[in-house]
Every structure is written in C-alpha cells, then in structure tokens.
Amino acid sequence: MLATLCLLGFGTVSANTDNPIPAVADQWRFEVTPYLWAPGIKGTMDFDNGLARSADFSSSNVLSNLKSGGMIAAEAHYGKWGIMGDLVSATLQNSGSIPVAGGAATVADKITLQQTILTGAATYTFVNTKNTYMDGLLGVRAIDVTATLNVNLVGTPDKETISKTTSTVDPIIGAKGRYRIADSSWYVPFYGDIGSGGGTTNVTWQAMVGVGKSFGKLIDASLTYRALYYDMKAGGVLQKTTMQGPQLAITFKF
C-alpha cells in the first residue's frame, strides 16, 4: 500500500544526476522495488465459532516469527499517466501458554497468520516542480488472510484447531509522491490511501512517510515508517487490526 510505491525517482534530464524528482515526459519510465517491511501487528482475529483472539506481534520479533514471505512493488509511467502494483505475502506464527486451574495445568496456543495483500492502481501526476512530485491514485486493494489457532492442554492429548479465511477486494483512492530536501539528492517519500465497500471491509487505510536518497539515475534507497489498517465487518478475520513498522527499500530505475 505503500512506502515503496512512493519511490518514484527516475533519472531526470538535469545537471544533477542525483536529483530525486522524476521528469514527466512523453516516454516510458519504470521502476522495480524489492523491500523489507517489519510491521508490528495489533488487533483482534475473529474465528468461525465466534471466538475472538487478540493478536500482538511486535516489530522487534516479527522477523523471528516470519516463516515465509516476499515483498515487491513496481511502477510504469508514460507522461503524466501511470500504473503501479505492490505485493506483500507473509506467514507469521506466534506461540504462548496460559496457566489454568491455579497453575495445576497449562494451556498452550499457537497463532498462525497467513496473508497476501495486493494493491493495484492507475496514477496521474498532479504536481511536478523542482522540489515536489505528487501522483493521485485510484485503484483497489485485495487481501486474502487466514488465521489459525491451535490450542492444547499440555501433557494431555486434548487439542483443538480453529481456522478462518477472509478474502476481499476494496476500492481505494489516495496520493503519493516525494519532496526534495534543500536541492539535494535527499527526499521525503510519502503515501496515503483510504478505501471501503468491498463487502467485508468497513474501512481500510494505508500511510507512509520517511526519508530517501537517490544514487544517480539508476538507484534510490529509502527508510520509511508504514502503517496499514483493516476494520472488517462481523465475520471478517481482521477486526480493527493495525500493521505498522519500519520499511527498508531499494528501487531500481530504468
């Protein structure tokens, strides 16, 4: 949704080859951005039997809880028009235990969260000055999320597994861009969107801001803070759930 979607610095026709502001022209420009986002996740997971279980993955341990995943974004522009896409796919797992019966027994649980988030949008450049670049965007965000809760009474064969999947596609509207810092190769990337109406989602939004630097015409790098929020209707897996944390990205421009 998406820090990396704001890494728009393509080579410009300028004496300063490290200029982070893209040049809008009637020719194609592209970028591909692999990145690592380590969000903390806080919210409530709603299961089929009405059981609600709080989720609390901190940014500090999300990498140790990451079982598999991949994150990448890409953009293509011609003149003021463009298209963009961003993919986040990850499986997180967290385990814990709760003493019961005055400590005479222990209930162990394990939460597994599998999610794929895909954002796609058409863009149009509204601002392209010496120090500022901004696109408006209109598109959709799709999410497929499965939450699984495994519970067992330690030392006994008693166990139970509860799993629930929700898939939804929501229209979004927003803006993204960057602001050049003091005529230098440093810049402030920013992104924001909001959406709803996918049938399952009450509201979803995404926001990002940080700092970046251009290294010539071919590479940008940025460190940002990114947040993604979902509030799903009754029956949806994610109830008022926020994913937020640092993101490190490298953009290849051509």
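Colleague: With which side chain does the side chain of Lys253 make a polar contact?
Modeller: The model is predicted, so local features need pLDDT of at least 70 and side-chain atom pairs pLDDT 80 or more, while totals for chains, interfaces and linings use all residues. Residues are numbered from 1 along each chain as its sequence is written, and side-chain values use heavy atoms, with hydrogens and water left out. A polar contact is a pair of N or O atoms within 3.5 Å; within protein, one must be able to donate a hydrogen and the other to accept it, and residues adjacent in sequence count only if both atoms are side-chain atoms. At 2.8 Å, the partner of the Lys253 side chain is the side chain of Asp220.

Colleague: How many residues apart are Lys253 and Asp220?
Modeller: The two side chains also meet in a salt bridge, 2.8 Å from N to O; the term means a side-chain nitrogen of Lys or Arg within 4 Å of a carboxyl oxygen of Asp or Glu. Strands are DSSP runs of E with at least two residues, helices are runs of H or I with at least four, and both are numbered from the N terminus. Lys253 lies in strand 12, residues 238-253. Asp220 is in strand 11, and this pair links distant parts of the chain, with a separation of 33 residues.

Colleague: Is Lys253 buried or exposed?
Modeller: Buried means under 20% relative accessible area, exposed over 50%, and partly exposed in between (1.4 Å probe, protein chains only). Asp220 falls in the buried class together with Lys253. Lys253 has 4% relative accessibility, so Lys253 counts as buried.

Colleague: How many salt bridges does a search of the whole structure find?
Modeller: One of them joins the side chains of Lys176 and Glu75, at 3.3 Å from N to O. Lys176 is in strand 8 and Glu75 in strand 4, so this pair ties together parts that are 101 residues apart in sequence. Lys176 counts as buried because its relative accessibility is 0%, and Glu75 is buried at 4%. For the whole structure, the search gives eight.

Colleague: Which residue is linked with Glu75 and Lys176 in a network of salt bridges?
Modeller: The network has Glu75 and Lys176 among its members.

Colleague: With which side chain does Asp183 meet in a salt bridge?
Modeller: Asp183 sits in the loop between strand 8 (159-180) and strand 9, and is partly exposed because its relative accessibility is 42%. The N to O distance is 3.4 Å, and the partner is the side chain of Lys130. That partner is in the loop between strand 6 and strand 7, 53 residues from Asp183. At 53% relative accessibility, it counts as exposed, and the residue is Lys130.

Colleague: What is phi of Lys240 near?
Modeller: Most residues other than glycine have a negative phi. Asp183 has a positive value, near 55 degrees. Lys240 lies in strand 12 and is exposed because its relative accessible area is 55%. Its phi is also positive, near 50 degrees.

Colleague: What accessible area does the nonpolar patch of Ile181, Trp186, Val211, Leu223 and Leu248 have together?
Modeller: Patches take residues with over 30% relative accessible area and no salt bridge, joining like charges within 9 Å and nonpolar side chains (Val, Leu, Ile, Met, Phe, Trp, Tyr) within 5 Å. Areas come from the Shrake-Rupley method with a 1.4 Å probe, and for residues only the protein chains shown count as cover. Trp186 counts as partly exposed because its relative accessibility is 40%. Together the five names listed have about 440 Å².
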